[in-house]
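Morning, everyone. Please have a look at the model on the screen, and then I'll walk you through it.

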Amino acid sequence: MDAENRSDWDVVIEPSRGWWRIDLRELWHYRDLLRLMVRRDLLAVYKQTILGPLWQVLQPLLTAVVLAVVFGLLGRMAPTDQPPLLFYLAAVVPWTFFANVIQRTSQTLVWNAALMSKVYFPRLVAPVATTLSTMVSFLLQLATFFVIALGYRVFSDLPWAPGINLLALPLLILIMTALAFGCGVLVASLTTRFRDLGFLVGFGMQLLIYASPVIFPLSLVPDGSLLRLVIELNPMTGVIEGFRAALLGTPIDLGLLPYSGMAALVMLIIGTLVFQRAQRTFADVV
Amino acid sequence: MAARTVIEVSDVRKRYRLGVIDRSLVTDELAAAFARLRGKPDPRGDLHAVGGDQRAGDQFWALRNVSFNVAQGEVLGLIGRNGAGKSTLLKLLSRITLPTAGRIRMKGRVSSLLEVGTGFHPELTGRENIYLNGAIMGMRRAEIDGLLDEIIAFSGIEHHIDTPIKRYSSGMKVRLGFAVAAHLDPDILVVDEVLAVGDAEFQRRCLGRMRSAADSGRTIIFVSHNMFSVQSLCTRAIWLDKGEVRADDSVVTVVRDYLNECSAQTNEQVWTDADAPGTDEVRLMAIRAVSADPEGLFSTTTAITIELDLQNHAITDSDLNIQLIVHTDADIVAFISDMTESIGTAIWPLGANIVRCTIPSDLLNDGGYRISVLFQRKGNRHFLVQDAISIDVQEGPRQGAWFQKWQGALRPALHWVR
């Protein structure tokens with residue numbers, strides 16, 4: 001009889017059981033909130049700044065310039081058949097997205113704690129909004145890459161010549177987003193109990209860059225070394241190498257991509273489930 | 001035909017595990033585990049500790065076996081002391097947290113107002129915040145589009161609507177937040193009393209809005225510890241006590257019983273010869289608070305007399321002074337009253353003495369006060385009876401439509417001239 005009457009009730013509040021409880025219809029109903037939270041994230045940060053959203057572009061650009069000078073020109077780690085700036089920018093842009101999504105989503109529950117202790121909305125909206133607003137920055141940065149690359153093509157003796165690889169870009173973005181979101185919400189769930197993780201993540205992302213081929217191409221790392229193993233285990237390696245291959249036409253070990261894709265899918269599922277479980281009683285813990 | 005049930009709360013329980021409240025560092029978690037291992041209380045356990053069977057081990061039952069139904073159009077007041085479970089029930093009804101057992105079912109669109117202006121972002125303009133706050137409260141964009149002009153007009157801040165709200169006064173923010181809330185148009189409205197902040201005029205509009213919502217068939221659950229606002233708004237009341245439903249009846253009956261119990265509690269303490277506090281010279285045998293109200297209720301508008309029964313064993317001179325030290329619930333000293341300052345000194349007869357001190361009406365605020373008694377001899381502290389009694393002062397009838405708690409340790413009636 002309960003089952004029949006269930007449809008009469010619009011809201012049923014019960015103790016949580018099981019893991020798989022993602023109400024996609026409800027998420028859809030809250031799409032306006034999602035849109036507004038993305039807008040809030042984008043607008044609020046740069047109000048009262050002079051350069052405004054230009055900061056989104058300047059940050060990775062300057063990082064890439066520094067890497068190009070220090071590691072490319074002085075350290076001679078960048079391949080000589082590529083403009084070093086493009087070589088680094090092609091990796092810094094996805095890496096920045098990955099690091100920012102993890103850092104920001106891992107804090108969403110804590111940052112929105114005041115909100116979540118006062119009103120109900122599907123909690124998943126918060127990290128999704130964070131990821132989408134970071135995605136907007138990423139697309140701006142990617143556009144910047146193309147502008148600079150076109151500049152090289154026109155004015156440089158090391159011209160930019162992308163190939164058919166460019167078509168793999170949407171797939172790479174998808175893998176990167178799933179991976180970053182999954183890791184981010186997983187950390188977010190744990191951060192509600194252990195705030196220390198917030199610090200660990202910031203520091204960890206700084207270190208993790210050395211376990212990925214951002215600063216040096218994978219080909220530079222000796223086969224069979226421990227570092228090589230660590231780098232190959234990092235699912236972002238495939239994404240970074242993939243971005244370089246797509247944007248610059250550099251050679252890539254194609255075996256990396258299925259691994260990254262699988263890892264992204266697994267992280268997305270685990271992260272989302274753990275998050276859904278953690279958020280139910282989140283208000284009791286803060 | 002019986003009215004349609006729109007809220008059904010059945011056997012709801014909510015347990016908080018003391019070990020996980022406010023745990024933010026790994027070290028705390030370890031410290032708690034270590035403390036449990038040694039059988040000591042958790043160093044960062046729940047602060048609103050409640051004695052008795054409500055608490056077992058590291059578990060605390062904020063709500064137990066709470067069941068009730070609400071019919072469409074009913075305006076239900078939830079009352080009870082601090083820590084009785086009102087806010088927990090409110091959080092469950094608002095879906096902020098989930099029950100440990102039991103089930104709550106509701107029909108129709110539910111809006112829950114625990115705060116106005118939830119999610120306002122200081123850098124965004126008033127207009128942008130209307131959309132943000134509306135969306136957080138579950139409104140669709142198209143809905144807000146249609147109501148925007150009305151909301152802005154209701155808020156009364158048309159001129160500043162495109163200014164970032166960090167430039168707003170707190171009153172303006174509340175107006176804006178309430179303007180959105182007032183246009184929610186839910187079938188069921190769950191309201192916390194903290195909602196109604198702001199000036200008296202604004203307050204009246206809030207209550208007016210709630211009353212018209214009730215008149216048009218909306219179902220309202222109103223949580224408050226202010227008996228006068230509950231009585232003026234609600235038809236039925238539920239009294240929560242130690243996490244359980246103590247009474248569920250018409251608002252008049254429940255509020256009367258509740259006030260009676262509040263008055264009957266700890267406003268008298270009597271000791272025996274064996275355990276009376278004091279020295280061989282003088283002892284305090286009893287202390288009680290007596291209200292001037294014929295029904296014995298303590299309210300802001302009745303005078304309250306504090307009566308002390310002393311037993312003088314050995315003092316034959318006039319050198320004994322008594323002070324009443326009155327603390328608020330927030331542990332602020334509200335005032336100290338000195339007997340000698342008031343009536344001078346006189347020889348104390350041996351044997352039983354009664355000393356009275358009257359706190360005039362219109363001095364205390366609504367809320368709890370704890371009264372300590374200090375005995376002094378030769379200008380020095382002789383002995384202190386800490387928190388000898390406590391009194392729970394209720395809101396008295398007031399002029400106007402202000403139903404909120406006044407700020408302040410005291411609320412004296414002062415003389416104004418113009």
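First, a definition: two strands pair if DSSP finds at least two bridges between them. Strands (E, at least two residues) and helices (H or I, at least four) are DSSP runs, numbered from the N terminus.

Now the ground rules. This is a predicted model: local features need pLDDT of at least 70, side-chain atom pairs count only at pLDDT 80 or more, and totals for chains, interfaces and linings use all residues. Residues are numbered from 1 along each chain as its sequence is written, while chains are lettered from A and ligands numbered from 1 in the order in which they are written.

Chain B first. Which residue is the bridge partner of B:N321 in β17(B)? The partner is B:Q376. Strands β14 (residues 321–328) and β17 (residues 367–377) of chain B pair in the antiparallel sense, over eight bridges. Both belong to an open, antiparallel sheet of four strands in chain B, in the order β15-β14-β17-β18. At the edges stand β15 (333–338) and β18 (380–393) of chain B; each has a single partner strand, so one side of each is left without a neighbour in the sheet.

On to chain A. It has 13 helices and one strand. Along the principal axes, the C-alpha trace of chain A spans about 75 × 50 × 35 Å. Of its 286 residues, 42% count as buried, meaning that 20 or more other C-beta atoms, placed from the backbone, lie within 10 Å of a residue's own.

Take helix α11(A). Here 14 of the 14 residues are buried, so α11(A) is largely enclosed by the rest of the structure. Just after α11(A), A:G249 takes a positive phi of about 80°.

Note on methods
Buried ≥ 20, exposed ≤ 12 C-beta atoms within 10 Å, placed from the backbone.
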